Amino acid sequence: MSPGQVTFYRFFFQIACTLPILFAVFGRKALSARRPWMNLLRGVLHGAASLLFFVAVKYMPLADVFAIYFVEPFMLTAMSALFLREKVGWRRWMAIVVGFGGAMIVIQPSYEVFGLKALLPVACAFLFSLYLFLNRAIGEADSPLTMQTMAGIGGTIFMAAALLVGGSAGNGDFAISLPSSGLGLALLLALGSISGYAHMLVVRAFRLAPLSLLAPFQYFEIISATVLGYALFNDFPNFSKWIGIFIIVASGLFIIWRERLQARSLKSS
């Protein structure tokens with residue numbers, strides 16, 4: 001199936017899995033979100049980011065996509081400094097610059113092979129950082145279940161429009177199709193339900209624990225992506241890409257460490 005069609009089903013089945021639970025818990029007030037348009041916008045941003053991710057995976061090795069995508073924590077830190085006026089010292093700004101340099105090490109050989117498609121994970125990271133930024137901005141206005149259901153509606157509407165426009169333009173990445181087998185339908189259902197509930201847990205986790213504590217867990221995705229990429233597709237990063245991955249992870253962990261130090265100093269003062 002085309003990346004656009006997979007992305008559509010990912011959000012469609014998210015709604016199918018979370019909406020019945022939402023109505024069971026909240027009844028008639030299930031969709032009466034306090035900030036409906038912000039939650040729908042979250043869904044649009046998440047839908048666009050997921051689309052770019054699935055397109056990137058179609059053309060590039062899975063581990064490369066994840067490694068480049070992990071410039072997202074740097075973008076989120078920069079956005080917090082620029083828009084929320086959170087204090088980011090020169091050390092963290094330097095870590096952001098170094099982290100982007102590590103991403104360039106990963107991108108450079110991929111760019112030679114895949115061209116501009118190698119930049120898709122960067123665009124994906126930017127949109128997803130905006131999505132996480134809105135999570136912070138919305139705060140606790142709505143329940144995680146409501147937020148994810150509304151986001152699923154926003155993502156589904158966005159992807160339906162994208163499929164119509166891209167499909168009518170003859171772009172193969174937006175070819176419209178139905179699941180061709182029961183296994184395909186089951187995998188799409190699993191994709192939507194796992195993604196929906198996982199992001200609901202992410203929203204919940206961000207309310208219960210500080211970002212500096214949760215952020216390191218993101219880097220497990222590089223390990224799992226490398227293992228799955230090798231097991232399923234026989235893709236494995238070369239030496240130079242491992243250097244880039246190491247720089248990205250080290251820079252990200254340094255930023256997290258500095259954020260913890262700052263949080264402790266604010267508490268002590």
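I began at Lys58, which counts as partly exposed at 46% relative accessibility. The scale I used calls a residue buried under 20% relative accessible area, exposed over 50%, and partly exposed in between (1.4 Å probe, protein chains only).

A note on the source: this is a predicted model, where local features need pLDDT of at least 70, side-chain atom pairs count only at pLDDT 80 or more, and totals for chains, interfaces and linings use all residues. Residues are numbered from 1 along each chain as its sequence is written, and side-chain values use heavy atoms, with hydrogens and water left out.

Next I looked up salt bridges (a side-chain nitrogen of Lys or Arg within 4 Å of a carboxyl oxygen of Asp or Glu). I found 1 salt bridge by this rule. Lys58 and Asp173 form a salt bridge through their side chains, at 2.7 Å from N to O. The pair links distant parts of the chain, 115 residues apart: Lys58 sits in helix 2 (residues 36–59), Asp173 in the loop between helix 7 (144–168) and helix 8 (182–208). I took helices as DSSP runs (H or I, at least four residues), numbered from the N terminus. Asp173 is buried, at 11% relative accessible area.

I then checked Glu140, in the loop between helix 6 (120–138) and helix 7. Glu140 is exposed, at 58% relative accessibility.

Last entry: Leu82, Phe83, Leu84 and Trp93 make a nonpolar surface patch of about 410 Å². Patch residues have over 30% relative accessible area and no salt bridge, with nonpolar side chains (Val, Leu, Ile, Met, Phe, Trp, Tyr) joined within 5 Å and like charges within 9 Å. Areas come from the Shrake-Rupley method with a 1.4 Å probe; for residues, only the protein chains shown count as cover. I placed Leu82 in helix 4 (residues 72–83).

Definitions and conventions:
Helix = DSSP H or I, 4+ residues; strand = E, 2+ residues; numbered from the N terminus.
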